[in-house]
Amino acid sequence: MLNIKNIMQILIVEDEKNLAASISRILKKHSYQTTIVYDGQEALDYLELSRFDLVILDLMLPKRSGYEVLQEIRQRKDETPVLMLSAKDEVEDKVRGLDLGADDYMTKPFAPAELLARIKVLTRRKGEVVLQELCYGDLSLDLQNGNLKTKEKNVHLGYKEFEIMKRFLKEPLRIFSKEDLLHFVWGMDSEALDNNVEVYISFLRKKLAFLDSNVKIQTLRKRGYRLEQ
């Protein structure tokens, strides 16, 4: 059975890759977990498939603008808080975003402290949460120290092992392709290959065997990987 405790997930939708990475680093230092996408259509795809506690949404995006993204998710009855970002400081732009259902609006550039303060206000409406642990079957992953454990044993995960296992445990019924894992763990601009994923899946399987866990990583031919128990 899946058990997710106290997760704060933030989707960053920003086509300026350096800025997106900078925002992600700031948030991770304060125990938020982030996913980055670079265009409006990808944001809509992620929001349809996954749950987020907050969306940081740029206005000027490829494929679908921030206004279009906001309008569509509100039409879906998705009430996820949205913090809009824009280089524009015109009143009409702010009013349009708020009218479409944005919860707050920030003008770029901004100070990290202001960003964090606004996020706290928006997420407080849903209750303050702190990332602690992901569980599935007899397995749990401590998100503070990177330990994977069962009742009897525990083992420490390296950074990439941790990131892959975290993805699996967040969505244990989802099939992750190698491309998904390369994107999530190595990043969009990485030169890592499918072999890198295979190596780390092998590492994780050995650690699951050491733990004597009833959770396994299943390979689905030509599709990818998912957890099974």
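With which residue does R64 form a salt bridge? The partner of R64 is E72, and the closest N and O atoms of the two are 2.8 Å apart. A salt bridge is defined here as a side-chain nitrogen of Lys or Arg within 4 Å of a carboxyl oxygen of Asp or Glu. The structure is a predicted model, in which local features need pLDDT of at least 70 and side-chain atom pairs count only at pLDDT 80 or more, whereas totals for chains, interfaces and linings use all residues. Residues are numbered from 1 along each chain as its sequence is written, and side-chain values use heavy atoms, with hydrogens and water left out.

An open sheet of 5 strands has the order β3-β2-β4-β5-β6, with parallel pairing. Strands (E, at least two residues) and helices (H or I, at least four) are DSSP runs numbered from the N terminus, and two strands are taken to pair if DSSP finds at least two bridges between them. β3 and β6 stand at the edges with a single partner strand each, so one side of each is left without a neighbour in the sheet. From one strand to the next, the twist averages 20°; angles run from 0 to 180 degrees between N-to-C directions, and axes are lines fitted to C-alpha atoms, for helices over the stretch in contact. Within this sheet, β2 and strand β4 (residues 54-58) pair in the parallel sense over 4 bridges, and L11 has V55 in β4 as its bridge partner. Helix α3 (residues 66-75) packs on the sheet, where it touches β4 and β5 (82-86), and its direction makes about 165° with that of β5. Helix α5 also packs on the sheet, touching β2, β4, β5 and β6, with a direction at about 175° to that of β6. Contact, here and below, means heavy atoms within 4.5 Å.

Helix α5 (residues 112-124) also meets helix α1 (residues 17-29): the two axes come within 11 Å and cross at roughly 65°. The crossing is right-handed, a term used if the near helix is turned clockwise from the far one by less than a right angle. I23, I26 and L27 in α1 meet P112, L115, L116 and I119 in α5. By class, this contact has 7 nonpolar, no polar and no charged residues. Ala, Val, Leu, Ile, Met, Phe, Trp, Tyr, Cys and Pro count as nonpolar, Asp, Glu, Lys and Arg as charged, and the others, Gly among them, as polar.

The structure holds 17 salt bridges. One of them joins E14 and K108, with the closest N and O atoms 3.2 Å apart. E14 lies in the loop between β2 (9-13) and α1, and K108 in the loop between β6 (104-107) and α5, so the pair ties together parts that are 94 residues apart in sequence. E14 is buried, with a relative accessible area of 0%, and K108 also counts as buried, at 14%. Buried means under 20% relative accessible area, exposed over 50%, and partly exposed in between (1.4 Å probe, protein chains only). E14 and K108 are linked with E16 and D58 in a network of salt bridges. E72, the partner of R64, is partly exposed, with a relative accessible area of 23%. The side chains of K207 and E161 meet in a further salt bridge (2.8 Å, N to O). This pair links distant parts of the chain, with K207 in helix α8 (residues 194-211) and E161 in helix α6 (residues 159-170), 46 residues apart. Both K207 and E161 are buried.

Helix α7 (residues 178-186) has as its buried residues L181, L182, H183, F184, V185 and W186. Their cover includes β3 (33-37), α2 (40-49), α6, α8 and β12 (224-228). Just after α7, G187 takes a positive phi of about 100°.

Strand β7 (residues 133-136) is covered on both faces: E133 and C135 on one side and L134 and Y136 on the other are all buried. β7 pairs with strand β8 (residues 139-142) in the antiparallel sense over 4 bridges, and the bridge partner of E133 in β8 is D142. The two strands form a hairpin with 2 residues between them, and G137 in the turn has a positive phi of about 60°. L143 lies in the loop between β8 and β9 (147-149) and counts as buried, at 11% relative accessibility. The C-alpha atoms of L143 and G224, which are 81 residues apart along the chain, are separated by 24 Å.
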